[in-house]
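I am opening this notebook to record, entry by entry, what I looked up in one structure. Each entry keeps to a single topic, so that I can check it against the picture.

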Amino acid sequence: MYIVKCTLMVGLPATAFMLAIDRLGYKKWVFPPYQFYLFNVHEGLATWFGESPPLYHLYVSMPILFTSMLPFVLHGAYLAFAKGKATVGPAVVAVAAMLVFSMVPHMEYRFLYPLLPIGFMYAAVSTNSLVSARSGSLEKKPSSKDSSKAGTRINSWRLWSTRNIVTYLLITNVPASLYLNLVHQRGVIDVMAYLRSEAQGGRVEDIGFLMPCHSTPYYSHLHRPVPMWFLSCEPPLEKSALATHYWEANDFELDPVGFMHRIFDDRQGKVSDVASLRYRPGEARRKPSHLVMYECMAKRIHQELVALGYSECASFFNTHFNGDARRKGDVVVYCRPLTAA
């Protein structure tokens, strides 16, 4: 009942606020969670983004989210259920959320980000319990009869000192955090900084991204009114259209040279505003002043790019490893001379 009361106290005002905000935005009454259900579950269109194994969140999402803290999270949850050292309500909510999200065929670990505070709470319960138990064990003075056994037990408890736990968490998380934030896949950020600098200097007219969609940030990093486009990858709105739905990213990956022949025309003149580059999927468009792609694709279409008047003007290291074959190598920028004013 406690969970129900909290849900009603927080959930009802939050839902009312959400409905009001969506009413202002959509100009009509809508309920996004219901639309989410229709699209992802009823129509099954989540499979457009790929299908995941049923236990994906259990053996992929949880280890990624909590990394080396996962043992403490599980131990803390155990203490809550078996020993009553913490409330079990948040754990019930977390498990229920995992089950609901596991019903959708397409799963990503980022879907479970809201569960991080719950996991950290149980990790704190675990570490506090271990440190407290260690302190209590060390304070006891064993009799001579049990001294050997007690010595072994005390040595094992020394492992759970605050210093050791903090050191373990720092060693297993800080290096990985620094690498993943400062090195891994940095090219997709660096290229936007480069394009922003070039745009500020008036050396960019428009930009096309010949990459799997949403590979880079967009206007949030460019901060300039420069027209841009990327290969479309919007899902169909009906399940019946899954087999015939057209998306540029797939068309380009299968036949990049043929795609460029079909998509680029020879229209001239400067691009005046962002709205002038709102192309429909598959619609012909002018050759942009800058094209961005991964190195693996650049090797496939380099000769065609040269024939179209492009040359490589920048390259940025991206990653030492990538599980997606379409995103391997550096991030490369090709450019062509700007249109005369």
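Predicted model: local features only at pLDDT ≥ 70, side-chain atom pairs only at ≥ 80, totals over all residues.

**Entry 1: a patch on the surface**

**Entry 2: the largest pocket**

Next I turned to the largest pocket, for which I noted a volume of about 920 Å³. Of the 29 residues that line the largest pocket, I listed the closest to its centre, which are Phe 49, His 106, Glu 108, Arg 110 and Phe 111. What is the lining made of, by class? I recorded 19 nonpolar, five polar and five charged residues in the lining of the largest pocket. Among the contributors to this lining I marked helix H2 (32–42) and helix H3 (56–66), each of which supplies at least two residues.

**Entry 3: salt bridges**

Before I looked for pairs, I reminded myself that side chains of opposite charge can pair when their charged atoms come close. A search of the whole structure finds 12 salt bridges, and I followed up some of them here.

In one of them, the side chains of Asp 206 and Arg 286 meet with 2.9 Å from N to O. Asp 206 lies in the loop between helix H9 (187–200) and strand S1 (207–209), while Arg 286 lies in strand S4 (residues 285–286), so this pair ties together parts that are 80 residues apart in sequence. I noted that both Asp 206 and Arg 286 are buried, and that Glu 205, Asp 206 and Arg 286 are linked in a network of salt bridges.

I also looked up Arg 327, which forms a salt bridge with Asp 324, the closest N and O atoms being 2.6 Å apart. Arg 327 and Asp 324 are buried as well.

Another salt bridge joins the side chains of Glu 295 and Lys 299, at 4.0 Å from N to O. Both residues lie in helix H13 (residues 295–307), where they are four residues apart, about one turn of the helix.

**Entry 4: positive phi angles**

I went on to the backbone, keeping in mind that most residues other than glycine have a negative phi. Lys 27 has a phi near 65°, a positive value in a residue other than glycine, and I found Lys 27 in the loop between H1 and H2. With a relative accessible area of 66%, Lys 27 is exposed.

His 214 also has a positive phi, of about 65°, although it is not a glycine. I placed His 214 in the loop between S1 and helix H10 (219–222), and I wrote it down as exposed, because its relative accessibility is 60%.

**Entry 5: separations along the chain and in space**

For my last entry I compared separation in sequence with separation in space, using C-alpha atoms. Ser 240 and Glu 43 are 197 residues apart in sequence, and their C-alpha atoms are 9.1 Å apart in space. Ser 240 lies in the loop between strand S2 (228–230) and helix H11 (248–254), and Ser 240 counts as exposed, because its relative accessibility is 63%.

Val 131 and Leu 159 are 28 residues apart in sequence, with 9.4 Å from C-alpha to C-alpha. I found Val 131 in helix H6 (residues 116–139), and I noted Val 131 as partly exposed, with a relative accessible area of 21%.

Ile 263 and Phe 252 are 11 residues apart along the chain, and their C-alpha atoms are separated by 9.9 Å. Ile 263 lies in helix H12 (residues 256–263), and I recorded Ile 263 as buried, because its relative accessible area is 2%.

How values were computed: Residues numbered from 1 in each chain as written. Heavy atoms only, no water. 1 Å grid on protein atoms, 1.4 Å probe; cavity = no way out; pocket = protein on both sides within 12 Å on 5 of 7 lines; lining within 4 Å. Points joined across faces, edges and corners; volume = space filled by probe spheres on them. Nonpolar A, V, L, I, M, F, W, Y, C, P; charged D, E, K, R; others polar. Buried < 20%, exposed > 50% of the residue type's maximum accessible area, 1.4 Å probe, protein only.
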